[in-house]
Amino acid sequence: MSLRRRSILTGTAGALAAAAIARPSFAADSVMVGVSGPLTGPNAQYGAQWKDAFELALEEVNPSAAHKVQYQFEDSQADPRQTVAIAQKFVNDSRIIMELGDFSSTASMAASPIYQRAKLVQFGFTNSHPDFTKGGDYMWSNSISQAEEQPSLADYAITDLGRRRLGVIHLNTDWGVTSKNLFVSAVQSKGATVTLAEGFLPNERDFRSTLVRIRDSNPDGIVIIAYYADAATIIRQIRTLGLTQTIIAVSSVYSPKLIELGGDAVNGVHTLSNFFPGEPRAEVQRFVTAFQAKYAREPDNFNATAYDTMVLVSKLVNTYGTTRAAIREGLPQVESPSVIYGTIKFDPATRRVSGAQYKKLVVKDGAFAMFQGGTPA
Amino acid sequence: MNMPGLGAWFDYTVNGIVIGNIYAMLAVGLALIYGVANLVNFAHGSVYVVGAYVGWAAITYLGTPLPVTILCVVVVCGLVGVGIERLGLRPLHGSSRIAPLLATIGIALVLDQVVQLIFSPDPRAVPMQVPEWRIPIGGGTIGPLDLLIGGIGLASAAVLYGFLRFTKLGWAVRATAQDSDAAQQMGVDINKVNMAVFAIASALSGISGLLVGMYYNQINPAMSFEATLKGIVALIIGGLGNVPGAIGGSLILGLTESYGIALFGTSYRNLFAFVLLIAMLLWRPNGLFSGRSSLPPEPMTGTFIARSRPFRIPPWAVAGLIVAAALLPLLNNPYVLQIGVNSLLYGMLALSLTLVAGTVGQISLGHAALLAIGGYTSGLLAMDAGWPVAVTIPIAGIVTAGLGTLLVFPAFRLTGHYVSIATLGIGEIVSLVILNWSGLTHGAIGLGGIPPLEVFGYDLGSVEGTYWLCLVILVLLALLQLRLLSSHLGRSWRAIRDDSVAARSYGVSGNRYKALAFGFGGFGAGISGAITAHSYSYINHETFNATLSVLALTMVILGGLGNVMGAVLGATLLIALPEAFRGLAEYRILIYGLVLLLLIRFRPQGLMGTV
C-alpha cells in the first residue's frame, strides 16, 4: 500500500496512466464530491432516490458550468460502523472536496468527528437531528427544520381547521420526539391543548390500544408524527375503531405510498409539504417536468431535497472555488436556487437553512390536493 | 396515571384479544415444531414474511382469489419448511441441541435477505380479499379478518391437538418428541415425521403472514424479527411444545401489552412483553399451563462445543502478529486503519462472548446490550458528570461487568435454549429501558456530543491514536483471558460447561463461576462499547442492536468457541472481508447467514478449533 502511494506521489508515468484508465471521465475541470448513503439494506430505497435526483441535477447544471461536478457514491447501509470507514476513505482522498450524507442521524453523526478533524464539509441533507450541525463548524444541512415545520403544522390544525384539543401519536425516535416537543410548545403558545402524546416503536403494527388512550383523552383532532408507512397503518386503525376526528399529519407522510397503503381510510387526511408537484411555482414545475421526462414518475420530497443539494454543490464550486477550504468559506455566503426553499441561504450560526415554504394539502378521492380552506373533512 | 373507565377496560381487553389472536397463529406453529423437534425455530418469522410476499405476488401478478392465494402460500411455505428441516435440523441430528437453533438463525438471515433482494425493502399493500363489514364491539369494531384469523388459530390448534392425541401418526410424532432414538427403534420414520411437522407449521406461518399483511394492508421484509420474537414470548408463556398452551400464552401476551399501554403508555408495550418473558423463564419455565414447575430434563449436557484440538499458534508467532498489528499505522492508510479499529473493537466483544458462550457454554443472544451499557455509562459520565474520558472508560468496564452480571444472574439456573432466549430478552429490555428512561439516558434523542478520546491530555481521537489504544487494550484483555483459561478458574469453567452436575458434585458452584465469567466478559465488552461511544460522538438506543449480537456470535463460532485467538481472527475476518468486497455489499447479511449455516453444518469447531 505504501509503495503504491509513493509511486503516485512521485508521479511516475505508469501510475498516472493507470489512474487515467481507472477514471477516464475525471477531467481536469471536474471536481469530486463523496456521497455516503444507503444503497442496500433496509433504507436502500432512499439512496436510490438520491441517485436519481443527483443524476438529473448534474445533467442540467454541468454542461454550462466551468467546473463540472462528479460524485462517488459509497454504500453505507446507513450503518455507523460503515460510515466511519467511508469517512476515512473520503477525507484521505484529496480529490474529494465535500461530503454529502449520510441518511440517518446515527450514521451521519458517528462520522462527524472524522470530517470535522479533517476539515472536510459534511453536508447532511436529510439530518434534521438538532445536534447534527452542533458536531462542528464543518457540519451543514439544508434538511427541513422541525423548529419551522411544527409551528406551521400547529397553525394548520388550530387556525385553518379550528381544532382546539389535539391528541398526538409520534414515532419514538430522535426525530419523532424532537418534532413532538416542538409541536406541543407551538400548540400551547396558540392557546390550544395537547390532550395526550403517545410514542410508538418502529416496527409496531397494532395501534388499537394506543388509540383507545387517545380517544379517552377526548381530542377533536389527531396529529400523526410518523413516516408514511406507519401513518397509513395508524390512520386505517383510527377509522376501523370508529373514531371520526380530523387527522393532521406531518410532511413526511407526503408520498404516493400513503394512499397505496392507506386506501380509502386516508381520504380527508390533512398534511403539509415543502414540495408538492402540483404547485404552480416555476422552479417546481421545471423540476417536476424534467424529472417526469427522465424517470416517468412523480418526484417526491427526497428527490427534491437531493436535487437541491446537487444544484447547491455546483453553485458552490463555480462561485467560490474547488478546494475544501473554498467550500467551507462559500457556505455562509452562498445563495442557491431551490425547489424547496425558493432560495437556499444558510444561517451561519446554526449552519441550517430557514424559510421553507409549506403547502397545505388534503387527501381527496385518493389523491393529494391543495387545501382550499373551508370545513375540515 | 389516569385510571381508564370500565368501558375503556372492555375495549383494552378486546384489543388485547385481537392482537393475541395474531400472535397465536405464530405461536401454534412454533409450539408444534418445538413439541416434535425440541427446537425453537428462529426462522419462523421469516417463513411468515415469505408467506406474505408469496400471497402478495399471487394476488398482484396472477389475480388469484383467496382460496387459490392460500393454496399458493401453503405450497411454497410448506416447501420452505421442508427445506428448513433438511438443512437446519436433519444433518445436525446427534450434535448438541443448540446447533439447530443457531442454524435456524442463519436460515432466518438468508430468507429475510432473499425476500428483500427480490421484493425490495419498500413496504407494499396487500389487496384485501375478505369482505369489509365491521361489527361494533364496545367502543370499537372488529371485522371478518379478526374472526378468520382467530378461527384459523383455534381450528389449527384443535386439529393439531386431536391429531397428536388420537391418531397413530400423532403418537409417532409425540414418541419422536420424547425420545427420537427409541421411536426410531419402534419403526417410526422420524425424518418423515419431522418433515411433515415442519411443512405443516411453516404453511401455518405463511398463512398468518398473508392474513396479517391483509389485516394491516402492509408488508415489508423487516417484519420477520418482531414476529419471531413475539411468537417465542407467547410460546414460553404457554409452555414450550404445548399447542393449546400457545394460544393461551398468545392471548395473555396480547392482554399484557394492551393493559400495559392502558396503564403506562405505548412506549412501554414491548418492555412489558419482555419482562413477562423473563419472569416466566424464572418462575414457570414450563409455561402457565403445565403442572410441573421444574425444567424438563435436558438430554444434553454442555453446549454447542464440537470436540476438537485447537490449532496452536507458537508464542513467537503471536508476538510477531502483535508487532505486525502495531506497525499497521506505518502504512499511512487511514481507511485501512479505521477498519483495523472496527476489528479491534469487535475483537473485544468477541473475546467477551467466546468466554461466556464457549468456555462456560452460555450461548448469549443479547451480547450487544453489554456494549450499550458500556457506551452509555462512559458517555453519560463524561458528558453529564464531566469526568475525564481516561477515567470513564475503565469505570464503564467495571459498571458493565457488574450490571451485566446482575442482569443475567437470575438466568444462571437455566440451560441450553432457555439461556439463549433469556439473554435475547434481556438484550431487548436493556435497549427499551435506555429508550424509556429519558431522565437518565436522554431517551430517544440519544447521546450527542460525547467528548472525544483523550487520555491524560493526549488526544487519541485521531484514527492512529484510537487504533493504538484499542490494540493495547485488546492485547491486554486477550493475554489476561489466556492466563485465566490455563488456570484453575479456566478448568472450572470448562467443567461446568461439560457437565454441570459432575462439577457441582466436585464442589464447583456453578453460579459463582458463571458470574466470574460474565463479570470478566462484561468488562471487555463495556470497554469496547465505551470506546465506540467516544469515537462516534453520538449513540442512541439502536446503535447497539440485536443484529450485532448475532454478528458477534457468528464471529465467535467462526473463530472456534472458547478460542481467544479465534475470536480475534473471527472478528477481523467478518469486519475486514465485507469492506474488501464493497461491491457485494448488497449480499453482506446474506453472506453472514450462509457462513453461520455452513460453519454449524460442516465446521462446528470453527477455524481455530474449540478450547
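**Entry 1: chain B overall**

I began with the secondary structure of chain B and counted 24 helices and six strands. Helices here are DSSP runs of H or I with at least four residues, strands are runs of E with at least two, and both are numbered from the N terminus. I note that this is a predicted model, in which local features need pLDDT of at least 70, side-chain atom pairs count only at pLDDT 80 or more, and totals for chains, interfaces and linings use all residues. Residues are numbered from 1 along each chain as its sequence is written, while chains are lettered from A and ligands numbered from 1 in the order in which they are written.

I then looked up the dimensions of chain B. Its C-alpha atoms fill a box of roughly 70 × 60 × 50 Å along the principal axes. The radius of gyration is 25 Å, which agrees with the value near 25 Å for a compact globule of 611 residues. This radius is taken over C-alpha atoms, and the globule rule is 2.2 Å times the number of residues to the power 0.38.

Of the 611 residues in chain B, 59% are buried. A residue is buried if 20 or more other C-beta atoms lie within 10 Å of its own, exposed if 12 or fewer, and partly exposed in between, with C-beta atoms placed from the backbone. I also checked the contacts in chain B between residues at least 6 apart in sequence: 80% of them join residues at least 24 apart. Two residues are in contact if their C-beta atoms, placed from the backbone, lie within 7 Å.

**Entry 2: two helix pairs in chain B**

I looked up helix α2 (residues 44-62) and helix α4 (residues 98-119) of chain B, which pack at an angle of about 25 degrees with their axes 8 Å apart. Therefore α2(B) is roughly parallel to α4(B). Axes are lines fitted to C-alpha atoms, for helices over the stretch in contact, and angles run from 0 to 180 degrees between N-to-C directions. Angles under 35 degrees count as roughly parallel, over 145 as roughly antiparallel, 65 to 115 as roughly perpendicular and the rest as oblique.

The crossing of α2(B) and α4(B) is left-handed, a term for a near helix turned anticlockwise from the far one by less than a right angle; clockwise would be right-handed. On the α2(B) side I listed B:Gly45, B:Ser46, B:Val49, B:Val50 and B:Tyr53, which meet B:Ala108, B:Leu111, B:Asp112, B:Val115 and B:Phe119 of α4(B). By class, this contact has seven nonpolar, two polar and one charged residues. Ala, Val, Leu, Ile, Met, Phe, Trp, Tyr, Cys and Pro count as nonpolar, Asp, Glu, Lys and Arg as charged, and the others, Gly among them, as polar.

Next I took helix α5 (residues 144-166) and helix α8 (residues 190-216) of chain B, whose axes come within 10 Å and cross at roughly 165 degrees. The pair is therefore roughly antiparallel. From α5(B), the contact involves B:Leu145, B:Leu148, B:Ile149, B:Ile152 and B:Ser156; from α8(B), it involves B:Leu204, B:Ile207, B:Leu211, B:Met214 and B:Tyr215. I sorted these residues into nine nonpolar, one polar and no charged. The crossing of α5(B) and α8(B) is left-handed.

For chain A I recorded 13 helices and 16 strands. Its C-alpha atoms fill a box of roughly 75 × 40 × 35 Å along the principal axes, and 55% of its 377 residues are buried.

I found 55 residues of chain A in contact with 61 residues of chain B. Helix α8 (residues 208-216) of chain A gives the most to the chain A side, with seven residues. That side divides into 17 nonpolar, 21 polar and 17 charged residues.

**Entry 3: single residues**

A:Phe90 lies in helix α4 (residues 80-91) of chain A. With 27 other C-beta atoms within 10 Å, A:Phe90 is buried. Leaving out residues up to four places away in sequence, I found that A:Phe90 touches A:Gly34, A:Ile96, A:Glu99 and A:Leu120.

The peptide bond from A:Gly101 to A:Asp102 is cis, with omega near 15 degrees. I placed A:Asp102 in the loop between β3 (96-100) and α5 (105-118) of chain A.

Lastly, I compared two residues with positive phi. A:Ala296, a residue other than glycine, has phi near 55 degrees and sits in the loop between α11 (282-295) and α12 (301-320) of chain A. B:Ser537, also not a glycine, has phi of about 70 degrees and sits in the loop between α21 (510-536) and β6 (538-539) of chain B. A:Ala296 is exposed, with 7 other C-beta atoms within 10 Å, whereas B:Ser537 counts as buried, with 24 C-beta neighbours inside 10 Å.
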